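Biologist: Before we discuss anything in detail, could you put the sequence and the structure up, so that we can go through them together?

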Amino acid sequence: MTGGAGFIGSHLADALLARGDEVVVYDNLSAGKEAFLARHKGDPRYHFVHADVLDTADLALAMKGADVVWHVAADPDVRTSGLRAEVHVNQNVIATLRVLEAMRVAGVRRIAFTSTSTVYGEAKTIPTPEDYAPMEPISLYGASKLGSEALISAYCHTFDMQGLAFRFANIVGPRSTHGVTYDFYHKLKASPKRLEILGDGRQLKSYCHVDDCVSAMLFVESRPWPRFDVYNIGSDDAIDVFDLARVAAEVWGLKGVEMVATGAKGSGGWKGDVRRMGLANEKIKKLGWAPRYTSASAIRATAEALAREMGNISR
Ligand SMILES: NC(=O)c1ccc[n+]([C@@H]2O[C@H](COP(=O)([O-])OP(=O)(O)OC[C@H]3O[C@@H](n4cnc5c(N)ncnc54)[C@H](O)[C@@H]3O)[C@@H](O)[C@H]2O)c1
């Protein structure tokens with residue numbers, strides 16, 4: 001698994017090991033933490049390779065004999081992607097190409113890929129189904145993930161491989177190291193009476209607990225594999241940024257926080273920030289999977305986890 005030391009990857013590694021798989025985590029630790037996987041040290045079914053996805057030789061060696069490559073590594077920062085177009089193309093598109101080439105060399109036929117709702121851009125249909133068109137990403141990050149999906153599809157059809165792409169809503173939960181709840185935690189820790197909210201605070205989005213995210217992926221992956229297919233993974237509802245901040249502040253015991261939106265009515269948080277996002281879950285639900293968390297309960301659990309992991313906020 002590439003990116004297995006990161007937030008989502010480490011939860012996926014936990015679940016794969018718990019179901020009895022042998023797991024090779026391949027991560028350059030640019031954002032991931034070995035500590036997330038410390039509990040598996042000494043388990044003969046767990047292996048860690050400290051290397052970069054762009055190093056094809058290391059990659060092909062690490063995946064030799066694997067049944068499935070979980071390609072999770074990426075630069076996931078939507079916010080800065082407009083400032084770092086090259087980084088996103090390298091870390092997402094070229095990195096995916098390297099993974100696919102290494103699979104060809106190593107003779108591995110199946111790839112499961114962590115994609116994103118941002119591939120849809122400002123969709124006119126919300127909740128957005130997987131067959132929504134036209135796909136018009138508005139961030140470099142979204143574009144790089146859509147490009148990666150296209151490469152995977154083409155490799156599957158050209159080289160007799162099989163692929164799954166999972167388009168995630170905002171994933172939250174324990175061990176998160178980025179995202180809005182994480183940002184609010186740090187802002188409020190520095191200044192517990194006032195919270196600056198990027199944009200107008202009315203951005204309405206779906207948040208999905210990482211346990212739901214991992215269980216959905218394993219559910220689809222354990223079924224018969226198509227040539228290539230795409231699944232949305234999100235909660236059934238959405239929450240706006242003000243409500244999200246209220247839920248988190250309540251968990252942290254902060255009352256009367258002044259919430260100050262930085263943007264005018266109708267503005268997003270940054271260039272490339274989609275204002276409304278909700279994913280249709282019907283396709284995966286028809287197969288028998290459903291999320292356990294709502295957006296609000298997922299945020300609550302994340303705020304609780306942040307307080308556990310980094311200490312509560314006190315005034
Ligand atoms: N967190 C979300 O809300 C969300 C939403 C949609 C999609 N995704 C996707 O899910 C995946 C995991 O996201 P995350 O939130 O866990 O991010 P993360 O930053 O915690 O994890 C990414 C991991 O990949 C590793 N990595 C990055 N570049 C690498 C490289 N060149 N070589 C080897 N390892 C490398 C990092 O060290 C890190 O461990 C990403 O593909 C991301 O785009 C995340």
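This is a predicted model: local features need pLDDT of at least 70, side-chain atom pairs count only at pLDDT 80 or more; totals for chains, interfaces and linings use all residues.

Biologist: Which residue of β11 is the bridge partner of Lys205?

Modeller: Strand β8, which covers residues 204-205, pairs with β11 in the antiparallel sense, and two bridges join them. Within β11, the bridge partner of Lys205 is Ile239.

Biologist: Turning to the helices, is α3 roughly parallel or oblique to α4?

Modeller: The axes of α3 and helix α4 (residues 140-158) come within 9 Å and cross at roughly 15 degrees. Because angles under 35 degrees count as roughly parallel, the relation of α3 to α4 is roughly parallel.

Biologist: How many residues in the contact of α3 with α4 are charged?

Modeller: On the α3 side the contact includes Ala85, His88 and Val89, and on the α4 side it includes Leu140, Tyr141 and Lys145. By class, ten of the contact residues are nonpolar and six are polar, and the number that are charged is one.

Biologist: How many residues of the contact of α5 with α7 are nonpolar?

Modeller: The contact is made by Val180, Thr181, Phe184 and Leu188 of α5, together with Val241, Leu244, Ala245, Ala248 and Ala249 of α7. One of the contact residues is polar and none is charged, while the number of nonpolar residues is eight.

Biologist: Which element gives the most to the shell around the ligand?

Modeller: The ligand is surrounded by 29 residues, and the closest are Gly3, Gly6, Phe7, Gly32 and Ala74. At least two residues of this shell come from each of α1 (7-18), α3 (85-106), β4 (110-116) and β6 (170-172). The element that gives the most, with three residues, is α1.

Biologist: And how many residues of the shell around the ligand are charged?

Modeller: The shell divides by class into 14 nonpolar and 13 polar residues, and the charged ones number two.

Notes:
Residues are numbered from 1 along each chain as its sequence is written. A residue is near a molecule or strand if its C-beta atom, placed from the backbone, lies within 6 Å of it. Helices (H or I, at least four residues) and strands (E, at least two) are DSSP runs, numbered from the N terminus. Ala, Val, Leu, Ile, Met, Phe, Trp, Tyr, Cys and Pro count as nonpolar, Asp, Glu, Lys and Arg as charged, and the others, Gly among them, as polar. Axes are lines fitted to C-alpha atoms, for helices over the stretch in contact, and angles run from 0 to 180 degrees between N-to-C directions. Angles under 35 degrees count as roughly parallel, over 145 as roughly antiparallel, 65 to 115 as roughly perpendicular and the rest as oblique. Two residues are in contact if their C-beta atoms, placed from the backbone, lie within 7 Å. Two strands pair if DSSP finds at least two bridges between them.
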